[in-house]
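User: Please take a close look at a single part of this structure for someone who has not seen it before, and then connect that part to the rest of the chain.

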Amino acid sequence: MSMQGEYMGMMLTVDDVDSENRDFFEWCAKGEFRLQRATSSGLLRYPPTTACPWSGEREFEWVAVAGTGVVHSYGEVHHAIQPAFKDKVPYLILLVDLDTQKGLPTEHEALRVGGNLVMSDGSFAPPEVIETVGIGTRVRMLFSNVTDDFAFPQWTIDEAAEQPQSPWRYPD
C-alpha cells in the first residue's frame, strides 16, 4: 500500500514498490533513525536501497543509528520554487556527515543525510539562526511528521555539543 500524506500543503507519496523507503519513513515516524546494514559486510547505507552499493549484497537488517553529525555542506535558499516554502525563505538545506561509520568503506567516505535546518520545535530556523550555521556546525536529527506512519528527518543545532567558534560559510 502506498504511503501518502500532506506536508505544508503539498502531497507526498511513497509508492508501494518502494518498500525500502517506506520502511525508512515508518521508522522515522516512530522517532527512530534506522539505516540498512548489509549482513555480511556490516556496512550501513543511506539512502535506503535494494542492495549494498559497495558489495551488491541484498541481505540487510535495519539498525538504530545515532542521529548526530556535522554539517558537510549546505545550500541557502532565497527563492522558493514551491509555493509552500515562500514564507520560509531564507532557509537552509543541510548535508550532514553522520558520526556513525565515518571513514568507511574508504577514508574519504561518510554516511551523509540531507534535511532542512529547523528549530527544536520543528519550525524552520529564522535568519538570525541561519547566519550562525556553516560547515562544521554540530547538529542532531529530529523528525517532521507527515502522518502517524510517515515522517522524515530534519536537522537542528545540537546545543549539547561543542560548536566551532566560527563555522565556514560561503561568502556573502
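Analyst: Arg22 touches Met1, Met3, Val14, Asp15 and Asp16 when residues up to four places away in sequence are left out, a contact being a pair of heavy atoms within 4.5 Å. The model is predicted, with local features requiring a pLDDT of at least 70 and side-chain atom pairs counting only at pLDDT 80 or more, while totals for chains, interfaces and linings use all residues. Residues are numbered from 1 along each chain as its sequence is written, and side-chain values rest on heavy atoms, with hydrogens and water left out.

Arg22 belongs to helix α1, which covers residues 19-29; helices here are DSSP runs of H or I with at least four residues, strands are runs of E with at least two, and both are numbered from the N terminus. Arg22 is buried and yet has no salt bridge, the nearest side chain of opposite charge being Glu26 at 4.5 Å. Buried means under 20% relative accessible area, exposed means over 50%, and partly exposed lies in between, using a 1.4 Å probe and protein chains only. A salt bridge needs a side-chain nitrogen of Lys or Arg within 4 Å of a carboxyl oxygen of Asp or Glu.

After α1 comes Gly31, which has a positive phi near 80°.

Although Arg22 has no salt bridge, the structure holds five of them. Side chains of opposite charge can pair when their charged atoms come close. In one of these pairs, the side chains of Arg169 and Glu76 meet at 2.9 Å, taken from N to O. That pair joins distant parts of the chain, with Arg169 in the segment after β10 (150-157) and Glu76 in strand β6 (residues 68-77), 93 residues apart. Glu76 is partly exposed, its relative accessible area being 30%.

Another salt bridge forms between Arg112 and Asp97, whose closest N and O atoms are 2.5 Å apart. Arg112 lies in strand β8 (residues 112-116) and Asp97 in strand β7 (residues 91-98), so this pair ties together parts that are 15 residues apart in sequence. Asp97 counts as buried at 10% relative accessibility, whereas Arg112 is partly exposed at 29%. Arg138 and Asp99 also meet through their side chains in a salt bridge, at 2.6 Å from N to O. Here Arg138 sits in strand β9 (residues 138-147) and Asp99 in the loop between β7 and β8, and the two are 39 residues apart. Asp99 is partly exposed, at 33% relative accessibility.

Turning to the chain as a whole, the protein has two helices and ten strands, arranged along the sequence as β-β-α-β-β-β-β-β-β-α-β-β. Of its 172 residues, 42% are buried. Among contacts with a separation of 6 or more, 55% join residues 24 or more positions apart. The C-alpha atoms fill a box of roughly 45 × 40 × 25 Å along the principal axes.

Key. Lys and Arg count as positive and Asp and Glu as negative; His and the chain ends are not counted.
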